[in-house]
Amino acid sequence: MSNKEQKKIIILGGDGFCGWPTSLHLSNLGHEVVIVDNLSRRNIDNELEIQSLTPIQPMGTRLQVWKDVSGQSIKFYNINLAKDYELLLDVVKTECPDVIVHFAEQRSAPYSMKSAKHKRYTVDNNLNATNNVLSAIVDSELDIHLVHLGTMGVYGYGTAGMKIPEGYLDIEVPTETGERIQQQILYPANPGSIYHMTKTQDQLLFHFYNKNDGIRITDLHQGIVWGTNTRETMLDERLINRFDYDGDYGTVLNRFLMQAAIGYPLTVHGTGGQMRAFIHIQDTVRCIQLAIENPPSHGDRVMIFNQMTETHKVRDLAELVGRLTGAEIAYVHNPRKEAAENELHAKHELFLERGLNPTTLAEGVLLEVTDVAKRYAHRADISKIPATSTWTKDQQVGVPDQNASYVKVDNDRR
């Protein structure tokens, strides 16, 4: 079988923000897709008393609509990967996938820092789920390629004085005899939240199972995802993807675009000097496809890609959105414990070499997302917009108030 021929692919977490459009994208390419998800993200919506800005249909409706518009069927299993190991193993043995794509982790840094309960849940869910998936691959005795969605946050957001490599760092070790040994190690981890910490532990789990059991693994260190829909999710409104805008799950650029759409000031934490990596949701699904089509060979170490297309400072994004929409900017307290300013320079050539044509922050694409936000603005709960999960008792919530600094961006600066 060539790498571009039809494969059976299990998508863990296939009901989520990245998992759902990836499932449809791979199904549309002709792959046989199986979704495994315990619908935990929907349950977290119930806990937080917030819903996606876009209306999300029940899983059964989603799958039926996809079959109607595409002619492709997607099978679904409701399994808690962190707890139901035997059920997971049975699915793996029954379905015999060529590839498993692993999205099934609690993905929000603010949610992971809300309380001791949320910290424990994130650690329990994420680490047990990853270890169970790896154990199931070993126990199944099948040759399965694991593709995992990680995060650029494993590197931290300090200034390295160099471009961060894709996963591995070249070092030189001096011996007692004066000899200098060249080695490569995993780039030193520097997590900024409990969520990011679990992703750094994933790296070590992958390293061990790859070394010990020979599992072929691709680990994707992804930037912040923006945008909402892909080509497949736009085929029918009932296939629409999530649009999170709340302080726990809304990604920064999507939050800005939604805030602008409803006339809410763009909430910039601290100075807005945080440099972050970004990628559009359409590029996310394309990168998963490219990772599947370019697997590591047997005996290769874990393959690591930096899954990003560009970097921007948060305040620059706010000014860009402000110029496009006329929105005001509110500089509020930063609820995170992090440096006020940082730089982030990272290599991301591996996906470009494999054919990725990046979607960048062009005005048309930004306005497309703003149009989605305007269409569903009536569903917004304004009280859920501010970021209220603080990293320590010394941080303050990011709520605009009379002391916040409001800025109107000058359109002449375009």
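Glu343 counts as partly exposed because its relative accessibility is 30%; the class lies between buried, under 20% relative accessible area, and exposed, over 50%, with a 1.4 Å probe and protein chains only. Please keep in mind that this is a predicted model, in which local features need pLDDT of at least 70, side-chain atom pairs count only at pLDDT 80 or more, and totals for chains, interfaces and linings use all residues. Residues are numbered from 1 along each chain as its sequence is written, and side-chain values use heavy atoms, with hydrogens and water left out.

What does Lys313 form with Glu343? The two make a salt bridge, with their closest N and O atoms 3.4 Å apart; the term means a side-chain nitrogen of Lys or Arg within 4 Å of a carboxyl oxygen of Asp or Glu. This pair links distant parts of the chain, 30 residues apart: Lys313 sits in strand β13 (residues 310–313), and Glu343 in the loop between β14 and α11. Helices (H or I, at least four residues) and strands (E, at least two) are DSSP runs, numbered from the N terminus. Lys313 has a relative accessibility of 10%, so this lysine counts as buried.

## Other salt bridges

Searching the whole structure turns up 20 salt bridges. One of them joins Arg42 to Asp15, whose closest N and O atoms are 2.6 Å apart. Arg42 belongs to helix α2 (residues 40–48) and Asp15 to the loop between β1 (8–12) and α1 (19–28), so this bridge ties together parts that are 27 residues apart in sequence. Are these two side chains buried or exposed? Both Arg42 and Asp15 are buried.

Glu338 and Arg276 also meet through their side chains, with an N to O distance of 2.7 Å in their salt bridge. Here the link runs between distant parts of the chain, 62 residues apart, with Glu338 in the loop between β14 (328–332) and α11 and Arg276 in strand β11 (residues 275–280). Glu338 has a relative accessible area of 30% and is partly exposed, whereas Arg276, at 7%, is buried. Elsewhere, salt bridges link Arg41, Asp45, Arg107, Arg242 and Asp244 in a network.

## Aromatic pairs

How many aromatic pairs does a search of the whole structure find? There are 5. Rings of Phe, Tyr and Trp (its six-membered ring) pair if their centres lie within 6.5 Å, and the pair is stacked if the planes are under 30 degrees apart, edge-to-face if over 60 and tilted for the rest. Tyr111 and Tyr249 form a tilted pair, because their ring centres are 5.6 Å apart and their planes stand at 45°. Tyr111 and Tyr249 are buried.

Phe305 and Phe351 give a stacked pair, because their ring centres are 4.4 Å apart and their planes lie at 25°. Phe305 in strand β12 (residues 303–307) and Phe351 in helix α11 (residues 349–353) are 46 residues apart, so to speak bridging distant parts of the chain. Both of these phenylalanines, Phe305 and Phe351, are buried. Returning to the tyrosines, ring pairs join Tyr111, Tyr121 and Tyr249 into a cluster.

## A negative patch on the surface

Which residues gather in a patch of negative charge on the surface? They are Glu86, Asp90, Asp139 and Glu141. Patches use residues with over 30% relative accessible area and no salt bridge, like charges being joined within 9 Å and nonpolar side chains (Val, Leu, Ile, Met, Phe, Trp, Tyr) within 5 Å. Glu86 is exposed, its relative accessible area being 58%.

Glu141 is found in the loop between α6 (116–140) and β5 (145–151). With a relative accessible area of 73%, Glu141 is exposed.

Most residues other than glycine have a negative phi. Glu141 has a positive phi, near 60°. Glu49 has a positive phi too, near 55°. Glu49 is placed in the loop between α2 and α3 (59–70), and Glu49 is exposed at a relative accessible area of 60%.

## Leu352

Leu352 is a residue of helix α11. Its relative accessibility is 38%, so Leu352 counts as partly exposed. The C-alpha atoms of Leu352 and Ser108 are separated by 27 Å, while the two residues are 244 residues apart along the chain.

Note on methods. Accessible areas come from the Shrake-Rupley method with a 1.4 Å probe; for residues, only the protein chains shown count as cover. Lys and Arg count as positive and Asp and Glu as negative; His and the chain ends are not counted. The place of a charge is taken as NZ of Lys, CZ of Arg, CG of Asp or CD of Glu.
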